[in-house]
Amino acid sequence: MSIFVSMTKTNFIKLNFSAISEQEMLKNSEEFYNLMDRRRSVREFSDKDVPKEIMENIIKAAGTAPSGAHKQPWTFCLIRDPNIKKQIREAAEEEERENYSGRMSKRWLNDLNPFGTDSNKPFIETVPWIIVVFKRVYERTDGVKHNNYYVNESVGIATGMLLTAIHNAGLVSLTHTPSPMNFLAKIMQRPESERAFLLIPVGYPKEDAEVPDIKRKALKEIISYF
Ligand code: IYR
């Protein structure tokens with residue numbers, strides 16, 4: 001064995017990978033696209049309960065996301081307590097009232113018109129579960145702050161995987177940003193190193209729930225070949 005064995009390649013294990021045929025790949029990729037194309041942001045929820053184990057599996061899936069230097073700079077707060085939901089709803093609606101009555105531009109309000117949103121957020125209390133995703137800006141080791149790397153990219157990817165896992169489980173969700181979201185860290189009593197990233201109500205849609213009739217961009221509009 002060479003003495004120039006790489007100093008950095010310590011603790012490596014064999015990749016768990018099994019190749020599949022291109023035919024299978026084509027089928028899998030098409031089926032997965034069809035599954036993902038049925039995902040919609042939902043604002044009309046049922047109060048039907050969802051077992052905690054399902055929510056935990058969903059969060060485990062999100063926790064498999066890649067992250068800068070594998071720092072895993074995320075915390076997923078899983079909220080079921082009606083009192084906390086009530087506090088969150090009240091604080092979120094307070095911010096949203098400000099947003100809708102002056103903080104958002106005319107153009108912004110106009111762009112939101114097709115979605116029928118307003119400052120009322122009853123779903124925060126209707127849903128069985130709220131996930132609040134926090135990004136961990138830094139870690140503190142021996143009293144010293146060490147910034148995490150590519151935090152927004154890492155937490156954004158993990159949140160995308162979270163939404164995918166929710167949809168794959170057969171549930172619906174909404175990506176909600178009642179900005180500014182500082183009130184969430186206060187209510188959830190999160191450490192100083194954490195900032196709220198996204199609030200995600202999760203559950204079943206209410207019976208006959210409706211969603212806006214939106215169209216997705218065609219492949220040729222989102223792809224560019226070189
Ligand atoms: N946070 C507000 C406003 C809002 C903004 C955008 I951009 C949206 O895509 C949807 C809503 C709200 O949740 O109502």
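This is a predicted model: local features need pLDDT of at least 70, side-chain atom pairs count only at pLDDT 80 or more; totals for chains, interfaces and linings use all residues.
Residues are numbered from 1 along each chain as its sequence is written, and side-chain values use heavy atoms, with hydrogens and water left out.

Let us start with the whole chain. The protein chain holds eight helices and six strands, where helices (H or I, at least four residues) and strands (E, at least two) are DSSP runs, numbered from the N terminus. Read from the N terminus on, the elements follow the order α-α-β-α-α-α-β-β-β-α-β-α-β-α. Along the principal axes, the C-alpha atoms fill a box of roughly 70 × 55 × 40 Å. Of the 226 residues, 33% count as buried; buried means under 20% relative accessible area, exposed means over 50%, and partly exposed lies in between (1.4 Å probe, protein chains only). The protein chain exposes about 15600 Å², and carbon and sulfur atoms supply 52% of that area. Accessible areas come from the Shrake-Rupley method with a 1.4 Å probe, and for residues only the protein chains shown count as cover. Among contacts (heavy atoms within 4.5 Å) between residues at least 6 apart in sequence, 82% join residues at least 24 apart.

Now for the sheet. Four strands form an open sheet in the order β1-β2-β6-β5, with antiparallel pairing. β1 and β5 are the edge strands, each pairing on one side only. Two strands count as paired if DSSP finds at least two bridges between them, and β5 and β6 pair in the antiparallel sense over two bridges. S173 has V202, in β6, as its bridge partner.

The expected span is 1.5 Å times one less than the number of residues. Among the buried residues of α6 are V151, V155, L162 and I166. The buried residues of α6 pack against α1 (22-37), α2 (52-62), β1 (74-79), β2 (129-136), β5 (172-173) and β6 (194-203). After α6 comes G170, whose phi is positive, near 100°.

Helix α3 (residues 82-103) has 22 residues and reaches 29 Å from its first C-alpha to its last, close to the 32 Å expected at 1.5 Å a residue. At its start, a side-chain oxygen of D81 comes within 2.7 Å of the backbone nitrogen of N83. The buried residues of α3, including K85, E93, E96 and N99, pack against β1, α5 (123-126), β2, α7 (182-187) and β6.

E96 leads us on to the ligand. A polar side-chain atom of E96 lies 2.8 Å from a nitrogen atom of the ligand, and one of Y100 lies 2.4 Å from a ligand oxygen atom. T177 takes part through a backbone N or O atom, 3.2 Å from a nitrogen atom of the ligand. Taken alone the ligand exposes 380 Å², of which the protein buries 70%.

Finally, some backbone details. Most residues other than glycine have a negative phi, and most peptide bonds are trans. The peptide bond from S179 to P180 is cis, with omega near -10°, and P180 lies in the loop between β5 and α7. H70, in the loop between α2 and β1, has a positive phi near 50° and is exposed, with a relative accessible area of 54%. Q189, in the loop between α7 and β6, has a positive phi near 50° and is exposed at 71% relative accessible area.

Technical notes. A polar contact is a pair of N or O atoms within 3.5 Å; within protein, one must be able to donate a hydrogen and the other to accept it, and residues adjacent in sequence count only if both atoms are side-chain atoms.
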